[in-house]
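Hi everyone, thanks for coming. Let's take a short walk through one structure together, and please keep the picture in view while I talk.

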Amino acid sequence: MKFIPLLSASLLLLACTDSRSQEPRDNSIAILQYHHVSDATPAVTSVTPQQFESHLDYLADNEFQVFSITEAHQRIEQGQDFPEKAVVITFDDGYHNVYHNAAELLEQRGMPYAVFVNPDLMASTPSAYMSWEQLRDLQQRGATIVNHGQTHDHLIRRRSGESQADWRQRMKYDVVSAQQAIDDNLGEQPKYFAYPFGEYDPDLQQLLKQWGFLGFAQHSGPWSPYSEKTAITRFPASGRYARLETLATKLNSRALPVIDYQPQDPLLKHQQTKPTLRVTLEQSKSFQRQALQCFSGGDVLKPEWQSETEFSVTPTSDLPIGRSRINCTAPATEGSPYYWFSAAFIRPDSSGSWPD
Ligand SMILES: [Zn+2]
């Protein structure tokens, strides 16, 4: 086992002593990730206010319980189950349009949410980002305001001539001083960090761990005790991901009980066009193992099982330059939910860069 999942010691103990707990528990919660709520912003990172309202209506009509990010965190830490229909709502970047087009719709329905903000960008581009005053207002109305870094930079991309010590100093500025700015303006807030562009690597994960942060990514999959604390997955809900039909499957998904996977580092070499993903699962009868499928771009990939609990899968087409992911899903043994796992990849171009 390469990493210890969030599963708390007490739950592990319970799993060993209580025969009813032989099966992994279904304590998964989907986190939705939004950016803009506007019909005047780039479509790829936007939902229109009408789309956003239809998402919230779907949640309300289907009796989803919307958890604040801190309450969800607490439940996961304590190994507590979620109701069958549970969700966390998050926004990245803290755009004005969230203040004007989303906050009221959420409040009308009594739905809490979190906004990940970039203090440096708020100062340099007040025309795009909410002010501290607006954030304080949302906070008083029930929002959680958390950390998206000072600069919204590609944090894991080393600069030319940058030593490891220089890089660490840069990360400290981007993560720790952003938290300081948030705490100074809004009172002490939970140490939750959403990676800009969802990009992380083991070095950055190690720093977050050292500084006591949870790290939120943006490759898909529900949050559960199996999640890595510094690579918590969220479901993007903007642009092409805004369609309710596909979103519904994700909202109802459960976490595959993954206890190890390789590669741990999403950042590939330029030449690594078809990386093999190796996954180790906990024994479980909750999902149909033989029906497990993986997806890369538009390709359906058939996993090769090395044992009852280990499989590997290799893309059939070259991964594109930039961010991509391999998703693996399996239908539940009973009922309709899909069990889900996603691995993030970043393939740089020949100069070591990649697009936003
Ligand atoms: Zn962002």
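Let's begin with two helices: the axes of helix α2 (residues 49-61) and helix α10 (residues 244-251) come within 11 Å and cross at roughly 45°. That makes α2 oblique to α10; angles under 35 degrees count as roughly parallel, over 145 as roughly antiparallel, 65 to 115 as roughly perpendicular and the rest as oblique. The axes are lines fitted to C-alpha atoms, for helices over the stretch in contact, and the angles run from 0 to 180 degrees between N-to-C directions. Helices (H or I, at least four residues) and strands (E, at least two) are DSSP runs, numbered from the N terminus.

Before I go on, this is a predicted model: local features need pLDDT of at least 70, side-chain atom pairs count only at pLDDT 80 or more, and totals for chains, interfaces and linings use all residues. Residues are numbered from 1 along each chain as its sequence is written, and side-chain values use heavy atoms, with hydrogens and water left out.

Which residues make the contact between α2 and α10? From α2 come Ser54, His55, Tyr58 and Leu59, and from α10 come Leu244, Leu247, Ala248 and Leu251, where contact means heavy atoms within 4.5 Å. Of these residues, six are nonpolar, two are polar and none is charged. Here Ala, Val, Leu, Ile, Met, Phe, Trp, Tyr, Cys and Pro count as nonpolar, Asp, Glu, Lys and Arg as charged, and the others, Gly among them, as polar.

Now for the metal. Asp93 (OD), His148 (NE2) and His152 (NE2) coordinate the zinc ion at 2.1 to 2.2 Å. Donors are N, O and S atoms within 2.8 Å of the metal (3.2 Å for Na, K and Ca), and water is not among the atoms, so sites may look incomplete. Asp93 sits in strand β5 (residues 86-93) and His148 in the loop between β7 (144-147) and α8 (164-186), so the pair ties together parts that are 55 residues apart in sequence.

Are Asp93 and His148 buried or exposed? Both are buried, meaning under 20% relative accessible area, while exposed is over 50% and partly exposed is in between (1.4 Å probe, protein chains only).

Let's finish with two more residues. Thr144, in strand β7, counts as buried at 10% relative accessibility. Asp203, in helix α9 (residues 202-211), is partly exposed, with a relative accessible area of 35%. Leaving out residues up to four places away in sequence, Asp203 touches Arg158, Gln164 and Trp167.
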